[in-house]
Amino acid sequence: MAKLGPFFDRLDKKSFLLFHVWEFAYRSFFKEYARLFFLKAMLKHPLKTIKRLRGYQRFIKAQENLFSRYKKSLVVPDEEAFHNRTRELEERPLLGLGFCLKPYDPKDPSRSCPSGRANHDCLYLETGRTQNICLGCAIYRLAKEGMNSGWSVYIMTSAKDIATDFLLPQIESDKFPAAVLLLCPYSVQAILPSLFICGIDAYLAAYDSGYCKDYKEWRLADLGSKEDRTSLSGESMEKLLNLISRSYTFASSSRAFKRECNIFYPISLDKPSSRK
Ligand code: SF4
């Protein structure tokens with residue numbers, strides 16, 4: 001069965017039936033995250049799934065240089081629609097950051113994230129406090145900008161958690177209609193159909209280094225084993241900071257995050273009990 005991988009890879013290269021997820025779908029067939037999404041999103045919402053997958057096919061058809069675009073950024077459905085939708089939202093989009101961005105040195109805890117590696121935790125998001133190591137962490141830099149602009153923040157770990165925390169709440173109750181997600185180029189193509197099925201407009205920024213290059217590496221990271229630390233190019237970081245900061249800003253500058261399940265929501269310190 002493993003020998004069929006190159007065959008499905010070729011189907012991806014030809015965008016067979018205007019799908020670009022054959023190899024990932026084939027390898028994911030019996031995995032828990034795929035079963036969960038298939039049962040609780042696709043089978044539970046068949047009409048939405050069929051209608052929105054047509055949107056996905058139109059998107060794939062309209063893309064030029066899809067492979068090279070996976071390596072940088074993609075906007076779903078397109079940049080103008082994404083910005084219009086985020087302006088209409090009562091709450092800011094979700095900022096999804098990979099756990100692999102955390103500083104990590106297995107031999108030196110002082111050069112590693114104080115909150116641990118493959119988890120949704122972050123000292124800064126939870127308490128507002130930092131250690132020296134946080135100051136060079138992309139999660140700190142982006143989340144700090146996000147806090148000023150009222151974005152919710154989510155540290156992404158496994159595909160199963162992403163489905164449970166983000167995708168399924170969206171298809172069920174429209175909880176996260178727009179998102180900015182930092183992903184490896186391999187994940188960008190894998191997550192696209194799910195974003196369409198769940199009705200999420202998204203800006204997807206691909207990591208520049210340290211990312212998983214194929215399913216084998218992706219699956220290890222999905223199970224929490226990821227030694228390399230990912231990073232964004234300077235250009236991508238500036239673009240993201242710009243995208244976040246030019247969005248709506250809360251009137252009050254006193255801000256913090258409040259954790260609900262695995263998502264950190266911005267709150268005003270004037271009204272600590274409620275989210276705006
Ligand atoms: S900012 Fe958060 S994720 Fe980054 S090193 Fe500090 S505690 Fe870890």
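Tutor: Begin with burial: a residue is buried if 20 or more other C-beta atoms lie within 10 Å of its own, exposed if 12 or fewer, and partly exposed in between, with C-beta atoms placed from the backbone. A nonpolar core is then a set of buried Ala, Val, Leu, Ile, Met, Phe, Trp, Tyr and Cys residues joined through C-beta atoms within 7 Å. Before we apply this, note that the model is predicted: local features need pLDDT of at least 70, side-chain atom pairs count only at pLDDT 80 or more, and totals for chains, interfaces and linings use all residues. Residues are numbered from 1 along each chain as its sequence is written.

Student: Which residues touch the most other members of the largest nonpolar core?

Tutor: They are Leu97, Ile139, Val153 and Ala202, in a core of 72 residues. Helices (H or I, at least four residues) and strands (E, at least two) are DSSP runs, numbered from the N terminus. Helix 10 gives this core its largest share, nine residues.

Student: What does Leu97 touch, leaving out residues up to four places away in sequence?

Tutor: Contact means that the C-beta atoms of two residues, placed from the backbone, lie within 7 Å. With residues up to four places away in sequence not counted, Leu97 touches Ile139, Leu142, Val153, Ile155, Met156 and Leu182.

Student: Which residues of helix 8 are buried?

Tutor: Helix 8 has Ala138, Ile139, Tyr140, Leu142, Ala143, Gly146 and Met147 as its buried residues. Their cover includes strand 2 (94-98), helix 7, strand 3 (152-156), helix 12 (234-245), strand 6 (255-260) and strand 7 (263-268). After helix 8 comes Gly150, with a positive phi near 75°.

Student: Which residues are closest to the ligand?

Tutor: A residue is near a molecule or strand if its C-beta atom, placed from the backbone, lies within 6 Å of it. Here 13 residues surround the ligand, and the closest are Cys113, Cys122, Cys134, Cys137 and Tyr140. At least two residues of this shell come from each of helix 7 (123-127) and helix 8 (138-148). To sort residues by type, Ala, Val, Leu, Ile, Met, Phe, Trp, Tyr, Cys and Pro count as nonpolar, Asp, Glu, Lys and Arg as charged, and the others, Gly among them, as polar. The shell around the ligand holds eleven nonpolar residues, one polar and one charged.

Student: How do the axes of helix 9 and helix 10 cross?

Tutor: Axes are lines fitted to C-alpha atoms, for helices over the stretch in contact, and angles run from 0 to 180 degrees between N-to-C directions. Angles under 35 degrees count as roughly parallel, over 145 as roughly antiparallel, 65 to 115 as roughly perpendicular and the rest as oblique. The axes of helix 9 (residues 159-173) and helix 10 (residues 185-198) come within 9 Å and cross at roughly 25°. Helix 9 and helix 10 are therefore roughly parallel to each other. Helix 9 makes the contact through Leu167, Gln170 and Ile171, and helix 10 through Ser194, Ile197 and Cys198. By type, the residues of this contact are four nonpolar, two polar and no charged.

Student: Is Lys175 buried or partly exposed?

Tutor: Lys175 is partly exposed, because 17 other C-beta atoms lie within 10 Å. Lys175 sits in the loop between helix 9 and strand 4 (178-183). Apart from residues up to four places away in sequence, Lys175 touches Pro169 and Gln170. Lys175 and Leu94 are 81 residues apart in sequence, and their C-alpha atoms are 9.8 Å apart in space.

Student: What is the omega of the peptide bond from Val76 to Pro77?

Tutor: Omega is near -5° for that bond, which is cis. Pro77 lies in the loop between strand 1 (73-76) and helix 6 (79-88).
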